[in-house]
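Dear colleague,

I am passing the structure below on to you, together with my notes on what was found in it. Please read the notes with the structure open beside them.

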Amino acid sequence: MIKDMIKWRPIIIGVIIVAILYVLSTLASQSSETIFLLVGLAVGFMVGSNIKEGALNGVIFGIIGGLVCLVIILIIYASMGYGSVIGLIITSQVEPLILEIVLGVVGGVLGSLIRAESQKNRLVLPKEE
């Protein structure tokens, strides 16, 4: 039953988008958690109109996307010469990882709600014969 609720295509698309935006925003500034909310919205919208599915896919997206971003930041810091403090960097990234997962869930739920509202308010045009 849960396997039917998980939609891998939107999750993979979301992880790719968040990885690209994370690299770009990390190079520009250090604030990148809002990206998870925005991409979580997109994932929830792509998944469909069920809030449970939006939340479940948001959790999976948040976990995978957060871990991918953790690896990216470790690579960036290691390339800058901070290899000796990798353990400290990992422990300092636990709180942002949890925040990214929560933002992925919130985005997934909001995206599924937006999709449900847009489908509910869609006009049905008569078919031409």
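Among contacts in the chain between residues at least 6 apart in sequence, those joining residues at least 24 apart account for 79%. Please keep in mind throughout that this is a predicted model. The chain has six helices and zero strands, so that its pattern, read along the sequence, is α-α-α-α-α-α. Of the 129 residues in the chain, 36% are buried.

Two helix pairs are described here, and helix 4 takes part in both of them.

Helix 4 and helix 6 pack with their axes 7 Å apart and at an angle of about 150°; because angles over 145 degrees count as roughly antiparallel, helix 4 and helix 6 are described as roughly antiparallel to each other. The crossing in which helix 4 passes helix 6 is right-handed. On the side of helix 4 the contact involves Ile51, Gly54, Ala55, Gly58, Val59, Phe61, Gly62, Ile63, Gly66 and Leu67, and these meet a set of residues in helix 6 that includes Leu97, Glu100, Ile101, Gly104 and Val105. By class, the residues of this contact between helix 4 and helix 6 divide into 11 nonpolar, seven polar and one charged.

The other pair is formed by helix 3, which spans residues 33-47, and helix 4, which spans residues 51-79, packed at an angle of about 140° with their axes 9 Å apart. That angle makes helix 3 oblique to helix 4, and the crossing of helix 3 and helix 4 is right-handed. Helix 3 contributes Phe36, Val39, Gly40, Val43 and Val47 to the contact, while the residues contributed by helix 4 include Glu53, Gly54, Asn57, Phe61 and Gly62. Sorted by class, the contact of helix 3 with helix 4 has six nonpolar, six polar and one charged residues.

Which residues does Glu100 touch, once residues up to four places away in sequence are left out? Glu100, which lies in helix 6 (residues 94-120), touches Tyr22, Glu33, Phe36, Gly62 and Gly66 on that count. Glu100 has a relative accessible area of 3% and is therefore buried, since buried means under 20%. Glu100 and Gly40 are 60 residues apart in sequence, and their C-alpha atoms are 9.7 Å apart in space.

The structure holds one salt bridge, in which the side chains of Lys7 and Glu53 meet at 3.6 Å, N to O. This pair links distant parts of the chain, for Lys7 is in the loop between helix 1 (2-5) and helix 2 (8-28), whereas Glu53 is in helix 4, 46 residues apart from it.

Leaving aside residues up to four places away in sequence, Ile60 touches Ile6, Trp8 and Ile11. The C-alpha atoms of Ile60 and Lys7 are separated by 9.9 Å, although these residues are 53 residues apart along the chain.

With kind regards

How values were computed. Residues numbered from 1 in each chain as written. Predicted model: local features only at pLDDT ≥ 70, side-chain atom pairs only at ≥ 80, totals over all residues. Heavy atoms only, no water. Axes fitted to C-alpha atoms, helices over the stretch in contact; angles between N-to-C directions. Helix = DSSP H or I, 4+ residues; strand = E, 2+ residues; numbered from the N terminus. Parallel < 35°, antiparallel > 145°, perpendicular 65-115°, else oblique. Left-handed = near helix turned anticlockwise from the far one by under 90°. Contact = heavy atoms within 4.5 Å. Nonpolar A, V, L, I, M, F, W, Y, C, P; charged D, E, K, R; others polar. Salt bridge = Lys/Arg side-chain N within 4 Å of Asp/Glu carboxyl O. Buried < 20%, exposed > 50% of the residue type's maximum accessible area, 1.4 Å probe, protein only.
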